[in-house]
Amino acid sequence: MSNKTLIRLAICHNKYILILFLSFCETLTTSGRIVILGSGWAGFKLMRELNKEDYNVSVVSPRNYFVFTPLLASTSVGTLEFRCITEPVRGYSKDIDFMQARCDRIDIGTKFTLDYDKLVIGVGSYSNTFGIPGVKEYGHFLKDVNDARRIRKRVIECFEYASQSGLTSKQKEDRLHFVVVGGGPTGIEFSAELYDFIASDMSRLYPDLMSKTRMTLYDVAPHILGSFDTNLSDYAHKKFNRKGIQIKTQRHVEKVESDHLVIRDEGNVPYGLLVWSTGLMQNPLVKSLENVVMDTKKQRFELDLISTGLLIILFRILTDSKLRVIDETTQQPYPNVYALGDCATIKDNDLPATAQVATQKAIYLSKVFNKMVVHGSDMEANCFEFKNRGMMAYIGSSEALVDMSSVHQLAKKSGHLPWLLWRSAYFSMSMSLRNRMLIPYHWFLTWCFGRDISRF
């Protein structure tokens, strides 16, 4: 076997930091070790689809589980339990090697080496704060199970605090103001789940506080759900208005404090819970990679912050149509390094950073690797083609939006029937039989007995 590329690990302040040192081989063997960075939609799906008899598969990720993110909002309010949407990486197969480590930076100084024949970078992305002061310290994000757990705890804390005697009406109203920043699918679905939680469960347990409870959704864009059909977006807007959820578009957050945020032209807005869901930013590893072509993309939110001196650019690894990372010097793809998921994009084919895209890329790459075992590493693979199967979003009160206009022009629906489609689709997409049993079981428990409001 020719020179192998090394992934290097070092221990720093009791945390594992994954460190990459790239020295690429000229030829590929027909089988060997595949190292996958990340256990998200791209990494976990690829790990599952690869033929373990032909490859030694190693997974490196800071978390030892996969999160089914479409139902993450449901866990944040107790509709589902956290275990329903997680899949353990180690528990999937005994034929993979897993190391819990965080991929943060490049450094030649190492204390541990791991050789590989093919490297797949699928480290995902982080929530974008756009450099706004206080967001990271006081805002809540919704990217992981731990985020959902903190949100759930905070919501219950707000109601418990407001139920105490001796508080003024203003203090109760301020603590029971729930703010969501971001009008995309994540922000909308969380707002819908939170409304259901308050309307169905908290109203029964804290009836005296309902008149003091309010929800507000802020977005910098002129319309919510900008990627959906306009009629569906308007339908969601009207439904939220009827529920009493205020939607304030074209608003710009300037600063966040522990108990209020500062909105341009609106001033201080007190809150009890702030959920931040405005976009994505690169994983630190992506920005630190050298000799790799990067795609830079200015995000919509950033353009409104230029006047304050903040310039936020999203870096993503640029790949060719076969998901191979491109060498910055030669402008040719590396033969054994691939990137997929939120951290990467295809040259001249910029696709959205969604679970659907990441999953299809992982399935494509697993088929390529498995075919290499039979036809050799020099085989000419077909280019990746994305098939858009549409979008869905839950909007509360057992209603949802389904936009499948990419499949058929008239496939755009809203209401209760799309909600059944939304639930059945995500039920069928669950990765394991265990979770396919747990999800409907907890849906049934919630329908019968309500959501659990225990705080722990």
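## Glu157

Glu157 has a relative accessibility of 23% and therefore counts as partly exposed (buried is under 20% relative accessible area, exposed over 50%, partly exposed in between; 1.4 Å probe, protein chains only). Glu157 belongs to helix 5, residues 145–162 (helices are DSSP runs of H or I of at least four residues, strands runs of E of at least two, numbered from the N terminus). Its C-alpha lies 9.5 Å from that of Arg175, 18 residues away in sequence.

The model is predicted: local features need pLDDT of at least 70 and side-chain atom pairs count only at pLDDT 80 or more, while totals for chains, interfaces and linings use all residues. Residues are numbered from 1 along each chain as its sequence is written, and side-chain values use heavy atoms, leaving out hydrogens and water.

## Aromatic pairs

There are 12 aromatic pairs (rings of Phe, Tyr and Trp, the last by its six-membered ring, with centres within 6.5 Å; planes under 30 degrees apart are stacked, over 60 edge-to-face, the rest tilted). Trp41 and Phe66 pair edge-to-face, at 5.1 Å centre to centre and 85° between the planes. Trp41 lies in helix 1 (residues 41–49) and Phe66 in strand 5 (residues 65–67), so this pair ties together parts 25 residues apart in sequence. Both residues are buried.

The pair of Phe444 and Trp447 is tilted, because the ring centres are 6.2 Å apart and the planes at 40°. Phe444 is partly exposed at 48% relative accessibility, whereas Trp447 is exposed at 70%.
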